[in-house]
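Look at the model below. The paragraphs that follow lead through its helices, its charged pairs and its aromatic contact.

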Amino acid sequence: MKRMGMIFRAKANKALDRAEDPRETLDYSYQKQLELLQKVRRGVADVATSRKRLELQLNQLQGQSTKLEDQGRKALALGREDLAREALSRRAALQQQVTDLETQHATLQGEEEKLTLAAQRLQAKVDAFRTKKETIKATYTAAQAQTRIGEAFSGISEEMGDVGLAIQRAEDKTAQLQARAGAIDELLASGALDDQSGMHKDEIQAELDRISGGSDVELELQRMKAELAGGSPQQAIEGGTGQSQSQQQPQDTPRFDKQ
């Protein structure tokens, strides 16, 4: 079971490596960093909101404290010491609340400053990562294109390999057809095969055509010699014809061995 699990993990890892695109991974990491930066900014906004709320409460309590102090002064001026004492007691309770709120306000203000600094640093890191990401993506794309061009030139790519195999098969079939056509022509010329179209000449006619073609060549040669010597082309032709006939008389009639 351990071995099967190891094999499965190895194959899965290899499949993931083939499916993974570094550019997509970098884009995903950048997106996650942007989401984290957005959360930090929301945290800064929440702390600032709480700080502002404390400031409003402090202003309200300080206003009430000032009002109670004025009431105590008026009560003493009117000879109502009991009212003055009550006003001062309430003012003392409010002052304790003001002190607590001021402590909380200072704490929130410190947290806000820390979060603001962290957001700024994170923003700088995100910007640097974005620049590096684009550089890596451009380098990867260029390397990938260069690799594909090199594979295409060397013929080791899958696409060019298929093209090479197709060309090889086409060349083999062409050579086979040419060899078959040549073999059929030789068999037809030797008489081993019959020409069903009726256009194939027999051996006797082929020999007569050959002799006739040779005589025409001799006549043309004698005419050209006569023209160069300044004689009559007709005499040269007649002389050449007689000479040709005299040369052909002692020859035996060609015999043809039928295969």
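Lys137 is placed in helix α3, residues 81-154; helices here are DSSP runs of H or I with at least four residues, numbered from the N terminus. The model is predicted, so local features need pLDDT of at least 70 and side-chain atom pairs count only at pLDDT 80 or more, while totals for chains, interfaces and linings use all residues. Residues are numbered from 1 along each chain as its sequence is written, and side-chain values use heavy atoms, with hydrogens and water left out.

Lys137 has a relative accessible area of 17% and is therefore buried (under 20% is buried, over 50% exposed, in between partly exposed, with a 1.4 Å probe and protein chains only). Leaving aside residues up to four places away in sequence, Lys137 touches Arg23, Leu26 and Asp27, where contact means heavy atoms within 4.5 Å. With Asp27, Lys137 forms a salt bridge of 3.2 Å, N to O. Because Lys137 lies in helix α3 and Asp27 in helix α2, the pair ties together parts that are 110 residues apart in sequence. Asp27, at 31% relative accessibility, is partly exposed. A network of salt bridges links Asp27, Lys133, Glu134 and Lys137.

The count of salt bridges comes to 14, taking a side-chain nitrogen of Lys or Arg within 4 Å of a carboxyl oxygen of Asp or Glu. Arg51 takes part in a salt bridge with Glu55 (2.8 Å, N to O); both lie in helix α2, 4 residues apart, about one turn of the helix. Another salt bridge joins Glu112 and Arg51 at 2.4 Å, N to O. That pair links distant parts of the chain, with Glu112 in helix α3 and Arg51 in helix α2, 61 residues apart. Both Glu112 and Arg51 are buried.

Which rings pair, and how are they arranged? The count is 1 aromatic pair. Tyr30 and Phe129 are stacked, 6.5 Å centre to centre with 15 degrees between the planes; rings of Phe, Tyr and Trp (its six-membered ring) pair if their centres lie within 6.5 Å, and planes under 30 degrees apart count as stacked, over 60 as edge-to-face and the rest as tilted. Tyr30 is in helix α2 (residues 22-77) and Phe129 in helix α3, 99 residues apart. The charged end of Lys133 sits over the ring of Tyr30, 5.0 Å from its centre (NZ of Lys or CZ of Arg within 6 Å of the ring centre and within 35 degrees of the ring normal).

Conventions. Helix = DSSP H or I, 4+ residues; strand = E, 2+ residues; numbered from the N terminus.
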